[in-house]
Amino acid sequence: MKISRIITLASLPAILLLAAYFYVQAMRAVRMVDATEFCMGTVVRIKVPLVSGMDETDIRRAMDMAFEEIARAESVFSIFREDSEISAINRLGPGEKLNISREVYDLIEKSVEYSKKTQGAFDITVKPLVDLWGRAKADRKLPSDDEVKTALLRVGYQYVELDRPGLSISFLRPGMALDMGGVAKGYAVDMAVKSLRESGVGNGIVSAGGDMYCLGRRSEQRPWRVGIRHPRDKGAIFKEVNVCDEAIDTSGDYEKYFILDGRRYSHIIDPRTGYPVGGDVASATVIAKDSATADILATSLCVLGRGGLDIAGSVEGVHAMIIMEKNGILKDEATDGFKKN
Ligand code: AMP
Ligand code: MG
């Protein structure tokens, strides 16, 4: 027998093993139906694995309906649209009452509940401060302490009066206004997920900027695996986590911010002081049963820092991690549930 034939025969098991490996990998590679749209000022992406049960046409139809839900949520909660319900609320004078839809009532009530839980770190009445700091960014000039104090007089969830039987809202102080920017994207993701489920889609992801929900699994063999962005190295992943029928949202100081006189000013404001958060939290990631909760808590943790981890961890189904930066060195801290992931 020739030497070369002996070698070929000897390596046959290895070749068969390799072939089996690639066959299994090919079976694992699930085709995804993927669509992207620009809404709510960000890129919204829906991805659904093409597995048994639904064909691509059915999935695309379900995705279109989910995108419509996001557009509908945006038209209700946007502060940039004069005809939204939130804009109508923002035109209220002190003591004036407005009847609102149950949907808007529920999200405002949930937000106020979390204002209480977070000791005021999360507050949708933050709009006068958001506007003040927005002008600072545009004019490249910081507001005076007096201007901050004056804006603070118009901020405070305690001055929002909600009447559930009558489904109405009123402000107890003049000049108040709502900004749902810290929760609306997460809520819209939840609405899209609800729509997908109603259409029979049991697996997929919906993502809008830093807010994401993972439905079911990526495939029978694999859960969805989500990369948490590195807050200081664009394009790099800091950590990966498995997410299954849960939302995962990240807020940070690295996307929307401005730098003035060498200082970084975040788009997240501490409603208790009136100043943009300037502590050492570079980003906060929250896993929760729904995306609105994850969105609220991710924003809250950017204000609260590590002290907020206990608050977040006390909410059922919530796991959280914050990445802190001190003198250029990053350090992460997480709830026990997050560490177990
Ligand atoms: P997010 O990107 O989810 O962290 O939300 C940030 C947005 O929420 C900002 O652009 C503001 O519109 C709004 N916002 C800023 N600070 C707060 C706060 N402390 N509580 C609630 N909403 C806030
Ligand atoms: Mg948020």
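In which helix does Tyr114 lie? Tyr114 belongs to helix α4, which covers residues 102–117. The model under discussion is predicted.

**The chain as a whole**

- The C-alpha trace spans about 95 × 50 × 35 Å along its principal axes.
- The chain has 341 residues, and buried residues account for 47% of them.
- Of the contacts between residues at least 6 apart in sequence, 61% join residues at least 24 apart.

**The magnesium ion (ligand 2)**

- The protein donors of the magnesium ion (ligand 2) are Gly182 (O), Asp295 (O), Asp295 (OD) and Thr299 (OG1).
- These donors lie 1.9 to 2.6 Å from the magnesium ion.
- Along the chain, the donors follow the spacing G-x112-D-x3-T.
- Helix α8 holds both Asp295 and Thr299, which are four residues apart, or about one turn of the helix.
- Is Asp295 buried or exposed? Asp295 counts as buried because its relative accessible area is 4%, under the 20% limit for that class.
- Thr299 has a relative accessible area of 13% and is therefore also classed as buried.

**The second largest pocket**

- The second largest pocket has a volume of about 310 Å³.
- Its lining consists of 20 residues, and those nearest the centre of the pocket are Asp253, Gly278, Gly279, Asp280 and Val281.
- Two or more lining residues come from each of β12 (263–266), β13 (281–288) and α8 (291–304).
- Strand β12 gives the most to this lining, with four residues.
- Sorted by class, the lining of the second largest pocket comprises seven nonpolar, six polar and seven charged residues.

- Beyond its neighbours within four places in sequence, Tyr114 is in contact with Thr293, Ile296, Leu297 and Val315.
- Tyr114 and Ser144 are 30 residues apart along the chain, and their C-alpha atoms are separated by 30 Å.

**Two loop residues with positive phi**

- Leu167 is a residue other than glycine with a positive phi, near 45°.
- Leu167 is found in the loop that runs between β4 (160–163) and β5 (168–171).
- Leu167 is classed as buried because its relative accessible area is 16%.
- Asp245, likewise not a glycine, has a positive phi near 50°.
- The loop between β9 (237–243) and β10 (246–252) contains Asp245.
- What is the relative accessible area of Asp245? The value for Asp245 is 32%, so Asp245 is partly exposed; that class lies between the 20% and 50% limits.

**Loops on either side of β7**

- Gly209 sits in the loop between β6 (204–208) and β7.
- With a relative accessible area of 42%, Gly209 is partly exposed.
- Which residues does Gly209 touch, not counting residues up to four places away in sequence? Gly209 touches Thr42 and Val43.
- Gly209 and Gly186 are 23 residues apart in sequence, and the distance from C-alpha to C-alpha is 9.6 Å.
- Gln221 occupies the loop between β7 (211–215) and β8 (224–229).
- Gln221 counts as partly exposed, with a relative accessibility of 45%.
- The C-alpha atoms of Gln221 and Glu161 are separated by 50 Å, and these two residues are 60 residues apart along the chain.

Key. Residues are numbered from 1 along each chain as its sequence is written. Chains are lettered from A and ligands numbered from 1 in the order in which they are written. This is a predicted model: local features need pLDDT of at least 70, side-chain atom pairs count only at pLDDT 80 or more; totals for chains, interfaces and linings use all residues. Side-chain values use heavy atoms; hydrogens and water are left out. On a 1 Å grid over the protein atoms alone, a cavity is a set of points where a 1.4 Å probe fits but cannot get out, and a pocket is an open set with protein on both sides within 12 Å along at least five of seven lines; lining residues have an atom within 4 Å of a point. Grid points are joined across faces, edges and corners, and a volume is the space filled by probe spheres set on the points. Ala, Val, Leu, Ile, Met, Phe, Trp, Tyr, Cys and Pro count as nonpolar, Asp, Glu, Lys and Arg as charged, and the others, Gly among them, as polar. Donors are N, O and S atoms within 2.8 Å of the metal (3.2 Å for Na, K and Ca); water is not among the atoms, so sites may look incomplete. Buried means under 20% relative accessible area, exposed over 50%, partly exposed in between (1.4 Å probe, protein chains only). Contact means heavy atoms within 4.5 Å.
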